[in-house]
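This briefing goes through one protein model, topic by topic. Please look over the sequence and the structure before reading on.

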Amino acid sequence: MAATAFHQASLQSRGYFCDSRLSLENGNATFRLISKGFKLDIAVLRRGNYCSRKRSFSVIKASNSQTTVFDQVSSPSNGGMSVSRKKSNEAALILIRHGESMWNEKNLFTGCVDVPLTKKGVEEAIEAGKRISNIPVDVIYTSALIRAQMTAMLAMTEHRRKKVPIILHNESEQAKAWSQIFSEDTHKQCIPVVTAWQLNERMYGELQGLNKQETADRYGKEQVHEWRRSYDTPPPNGESLEMCAERAVAYFMEHIEPQLLCGKNVMIAAHGNSLRSIIMYLDKLTSQEVISLELSTGIPMLYIFKDGRFIRRGSPVAPNVAGVYAYTKGLAQYRQKLDEMFQS
């Protein structure tokens with residue numbers, strides 16, 4: 001897939017040195033993300049927990065002769081200082097499951113079929129945006145599927161900062177060249193949006209497009225429940241939650257967690273199973289705990305990344321509830337700055 005070439009990693013077989021090269025260049029810009037001391041394998045323990053070796057990150061930013069939005073994704077702000085020298089006290093991580101899709105409405109198995117949102121799904125995405133309108137967002141990650149991308153874009157139309165989300169197109173040299181930004185002022189008002197197939201919904205195999213009730217009548221409720229809710233049993237020619245977790249968590253650790261270490265505030269708009277997988281990693285859930293985890297469509301979840309730990313803060317209630325944004329001093333200060341900015 002094109003997304004595979006989008007993020008290529010060259011790993012030493014012993015795993016003590018990881019050189020991840022993100023091939024997201026525009027023009028003459030080239031970036032490399034290097035992780036020292038990161039173990040190659042992401043082990044799934046028998047009880048279902050993800051574990052990794054102790055790791056530290058540093059970022060190297062190359063010179064750039066053209067204006068792009070990519071430097072916001074691959075490097076820390078303020079001159080590309082290394083993470084070890086420029087580390088924020090905290091960063092916000094927002095997780096949003098996409099709004100209702102047209103196949104959700106029809107009670108069909110969707111999986112990796114690229115189905116758009118319903119009118120209700122659009123409204124859910126807009127409401128999600130209102131709930132996070134006072135939380136800083138520096139970079140957005142979505143799956144390669146339109147329902148997640150629509151959710152992210154619609155949510156950001158409600159953000160008080162009014163920065164414009166820009167999808168990074170890296171599928172060809174022409175796409176990269178044609179999507180460059182040549183205004184520094186405009187560039188500063190953009191938020192890069194990275195799409196990744198690794199964040200897709202789990203692939204439901206031969207169930208995709210089938211009616212859920214009719215499938216239960218055909219195969220039996222117990223069999224369909226096992227396909228849908230077990231951790232390691234895939235549907236015919238499809239993915240289990242475990243298989244989905246392997247790709248989603250690996251992507252999160254390699255590409256998203258370094259952004260949080262840089263102090264970047266990240267939003268992820270994705271799917272029920274890919275987000276459950278990431279939450280399993282964040283909350284250190286077992287395989288038995290994660291299968292009972294339910295995520296509502298269009299409801300954002302907030303985590304604070306601080307001192308190398310993920311602290312779950314639940315879901316913002318509404319944009320006019322001040323206490324929601326006072327979970328941390330940093331979020332409270334950000335809201336205060338927004339208030340001052342739009343009062344003046």
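**A covered helix**

Helix α12 is mostly covered, with 11 of its 11 residues buried. The model is predicted.

**Helix α12**

- The buried residues of α12 include Gly272, Asn273, Ser274, Leu275 and Arg276.
- Ile278, Tyr281 and Leu282 are also among the buried residues of α12.

- Seven strands form an open sheet with mixed pairing, in the order β9-β10-β8-β11-β7-β12-β13.
- The edges are β9 (164–167) and β13 (309–314); each has a single partner strand, so one side of each is left without a neighbour in the sheet.
- On average, neighbouring strands of this sheet are turned by 25° against each other, direction ignored.
- Strands β7 and β11 run parallel and are joined by five bridges.
- Arg97 stands opposite Ala270, a residue of β11.

**The nonpolar cores**

- In soluble globular proteins, nonpolar side chains tend to be buried together.
- The largest nonpolar core here has 37 residues, and those touching the most other members are Leu93, Leu95, Tyr141, Phe252, Ile268, Leu282 and Phe310.
- Two or more residues of this core come from each of β7 (90–97), β8 (139–142), α11 (241–261), β11 (266–270), α12 (272–282) and β12 (301–306).
- The element that gives the most to this core is α11, with nine residues.
- A second, separate core has 17 residues, including Ile96, Ile191, Met267 and Ile304.
- Not counting residues up to four places away in sequence, Phe252 touches Leu93, Glu257, Pro258, Leu260, Ile268, Ile278, Tyr281, Leu282 and Phe310.

**The annotated positions**

- An unreviewed UniProt entry places the feature "active site" at His98 and Glu201.
- These positions are spread over 104 residues of sequence, yet they cluster in space, with a largest C-alpha distance of 10.4 Å.
- His98 is in the loop between β7 and α4 (102–105).
- His98 counts as buried because its relative accessibility is 3%, and the cut-off for buried is under 20%.
- Contacts of His98, leaving aside neighbours within four places in sequence, include Asn104, Leu117, Arg147, Ala270 and His271.
- The side chains of His98 and Arg147 make a polar contact (3.3 Å).
- Glu201 lies in the loop between β10 (190–195) and α9 (212–219).
- Glu201 also counts as buried, because its relative accessibility is 8%.
- Leaving aside neighbours within four places in sequence, Glu201 is in contact with residues including Arg147, Glu239, Arg247 and His271.

**Positive phi angles**

- Most residues other than glycine have a negative phi.
- Asn107 has a positive phi, near 60°, and is found in the loop between α4 and α5 (119–131).
- Asn107 has a relative accessible area of 33%, so it is partly exposed.
- Lys162 also has a positive phi, near 60°, and its place is in the loop between α6 (146–156) and β9.
- Lys162 counts as exposed because its relative accessibility is 51%, and the cut-off for exposed is over 50%.

Technical notes. Residues are numbered from 1 along each chain as its sequence is written. This is a predicted model: local features need pLDDT of at least 70, side-chain atom pairs count only at pLDDT 80 or more; totals for chains, interfaces and linings use all residues. Side-chain values use heavy atoms; hydrogens and water are left out. A nonpolar core is a set of buried Ala, Val, Leu, Ile, Met, Phe, Trp, Tyr and Cys residues joined through side-chain atoms within 4.5 Å. Buried means under 20% relative accessible area, exposed over 50%, partly exposed in between (1.4 Å probe, protein chains only). Helices (H or I, at least four residues) and strands (E, at least two) are DSSP runs, numbered from the N terminus. Contact means heavy atoms within 4.5 Å. UniProt positions are given in the numbering used here, feature names are shortened, and annotations may be inferred rather than shown by experiment. A polar contact is a pair of N or O atoms within 3.5 Å; within protein, one must be able to donate a hydrogen and the other to accept it, and residues adjacent in sequence count only if both atoms are side-chain atoms. Two strands pair if DSSP finds at least two bridges between them. Axes are lines fitted to C-alpha atoms, for helices over the stretch in contact, and angles run from 0 to 180 degrees between N-to-C directions.
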